[in-house]
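Please keep the sequence and the structure in view while reading.

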Amino acid sequence: MTSWAIAVSGLRKSYGDKSVLDGIDLHIPAGSVFALLGPNGAGKTTVVKILSTLITADGGQAQVAGHDLAADPQAARAAIGVTGQFSAVDGLITGEENMLLMADLHHLPRAEGRRVAAGLLERFDLTDAAHKPAASYSGGMKRRLDIAMTLVGSPRVIFLDEPTTGLDPRSRHTMWQIIRELVTDGATVFLTTQYLEEADELADTIAVLHQGRIAAEGSAEQLKRIVPGGHVRLRFTDPAAYQHAAATLHQAATRDDDALALNLPSDGSQRELRSLLDWLDTTGIDADQLTVHTPDLDDVFFALTSPTDQSSSQPADAPTDDSSKEAAR
Ligand SMILES: Nc1ncnc2c1ncn2[C@@H]1O[C@H](COP(=O)(O)OP(=O)(O)OP(=O)(O)O)[C@@H](O)[C@H]1O
């Protein structure tokens with residue numbers, strides 16, 4: 001039986017008469033990275049706040065680290081760590097003092113607290129800055145300190161709300177490495193992000209939150225397959241060969257005259273590629289380069305969260321929500 005680090009069914013939350021979460025189901029296996037994507041205001045932080053016991057849901061059930069949030073929020077709280085938009089870092093005291101404060105909150109004996117704090121400061125490359133006020137830290141250092149503080153309690157489930165927003169590319173990559181290490185060490189990471197590349201890099205499972213519901217869920221590869229936009233690109237070096245191919249393929253291809261390239265719609269499957277290659281052979285088209293392009297997560301995100309086109313969340317040849325979720329399990 002799969003052990004779920006987080007199991008959620010029918011989660012609902014409204015603010016006044018505004019429904020933010022309208023029945024969310026999530027099943028996140030222990031030891032994995034889960035990314036929740038969604039446009040601004042979709043309710044990602046609301047999900048994190050509910051699952052980390054900061055606010056309560058209006059309806060539905062949720063278990064975190066095996067503890068029911070309604071029945072035993074204390075036990076759930078003891079098993080989790082949260083960092084993100086509501087950072088726990090106190091800028092007026094040093095990094096080390098922040099860590100020791102955390103150790104006190106977790107009732108670690110003094111010597112043990114010092115040992116754990118020193119180890120984590122070292123691990124997150126903060127030893128040199130340990131005696132400086134946290135307010136003087138760079139954005140990346142503050143995020144690292146925030147995660148280090150979270151780890152004092154050895155959480156099994158870690159919520160990271162937009163962990164790399166505002167970080168430069170180097171700091172972002174450092175944070176990604178840290179997140180991978182957390183999972184290698186056995187934790188489950190639940191992250192929200194605006195960066196599709198981040199979800200693509202890190203997440204075993206991605207869910208897209210839109211209009212209060214999970215619009216789609218699966219691995220990055222599974223999500224990319226449910227939106228149209230895949231194509232095969234043929235590139236030519238000889239303008240005459242390009243013109244000949246463009247005329248022959250006519251309406252079947254989209255032209256890119258500047259790049260001497262033609263794009264043909266394709267799902268990138270072996271079967272389609274084989275018949276495409278056969279067809280090119282029989283029509284005498286000999287491209288210098290052929291590349292297969294699958295949609296990226298940007299395409300998925302735009303297709304699923306379009307405010308006007310409701311049908312786009314269920315393309316004709318796409319699996320239903322349920323089947324794409326099943327495929328992910
Ligand atoms: N305490 C509150 N009272 C009233 N409305 C709220 C409250 N907290 C959040 N909301 C509203 O609920 C919706 C979801 O907010 P939430 O912060 O969860 O979205 P989000 O997906 O995290 O957005 P972002 O990507 O911008 O951080 C928004 O419309 C927000 O204005």
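## Model and domains

The structure is a predicted model. The protein chain is divided into two parts: domain 1 covers residues 4–219, and domain 2 covers residues 231–293. Taken over C-alpha atoms, the centres of domain 1 and domain 2 are separated by 46 Å.

## Surroundings of the ligand

The residues around the ligand are Tyr-15, Val-20, Gly-38, Asn-40, Gly-41, Ala-42, Gly-43, Lys-44, Thr-45 and Thr-46.

Helix H1, which spans residues 44–51, gives the most to the shell around the ligand, contributing three residues.

## Helices H3 and H4

Two packed helices are described by the angle between their axes and the distance between the axes. Helix H3 (residues 95–105) and helix H4 (residues 110–123) pack at an angle of about 135°, and their axes are 9 Å apart. H3 and H4 are therefore oblique to each other, since angles count as roughly antiparallel when over 145 degrees. The crossing in which H3 passes H4 is right-handed.

On the side of H3, the contact is made by Gly-95, Glu-96, Met-99, Leu-100, Ala-103 and Asp-104, while H4 supplies Gly-113, Val-116, Ala-117, Leu-120 and Leu-121. The residues of this contact of H3 with H4 comprise seven nonpolar, two polar and two charged.

## Helices H3 and H5

H3 also packs with H5, at an angle of about 25° and with the axes 9 Å apart. This angle makes H3 roughly parallel to H5, because angles under 35 degrees count as roughly parallel. H3 passes H5 in a crossing that is right-handed.

From H3, the residues Gly-95, Asn-98, Met-99 and Met-102 make the contact, and from H5 the residues are Leu-145, Ala-148 and Met-149. Five nonpolar and two polar residues form this contact of H3 with H5, and no charged residue is among them.

## Helices H5 and H6

Helix H5 (residues 139–151) packs with helix H6 (residues 169–184) at an angle of about 15°, with 10 Å between their axes. H5 is therefore roughly parallel to H6. The crossing of H5 and H6 is right-handed.

Which residues of H5 and H6 meet? In H5 they are Gly-139, Gly-140, Arg-143 and Ile-147, and in H6 they are Ser-171, Thr-174, Met-175 and Ile-178. The contact of H5 with H6 divides into three nonpolar residues, four polar residues and one charged residue.

Technical notes:
Residues are numbered from 1 along each chain as its sequence is written. This is a predicted model: local features need pLDDT of at least 70, side-chain atom pairs count only at pLDDT 80 or more; totals for chains, interfaces and linings use all residues. A residue is near a molecule or strand if its C-beta atom, placed from the backbone, lies within 6 Å of it. Helices (H or I, at least four residues) and strands (E, at least two) are DSSP runs, numbered from the N terminus. Axes are lines fitted to C-alpha atoms, for helices over the stretch in contact, and angles run from 0 to 180 degrees between N-to-C directions. Angles under 35 degrees count as roughly parallel, over 145 as roughly antiparallel, 65 to 115 as roughly perpendicular and the rest as oblique. A crossing is left-handed if the near helix is turned anticlockwise from the far one by less than a right angle, and right-handed if clockwise. Two residues are in contact if their C-beta atoms, placed from the backbone, lie within 7 Å. Ala, Val, Leu, Ile, Met, Phe, Trp, Tyr, Cys and Pro count as nonpolar, Asp, Glu, Lys and Arg as charged, and the others, Gly among them, as polar. Domain bounds come from an automatic or database domain assignment.
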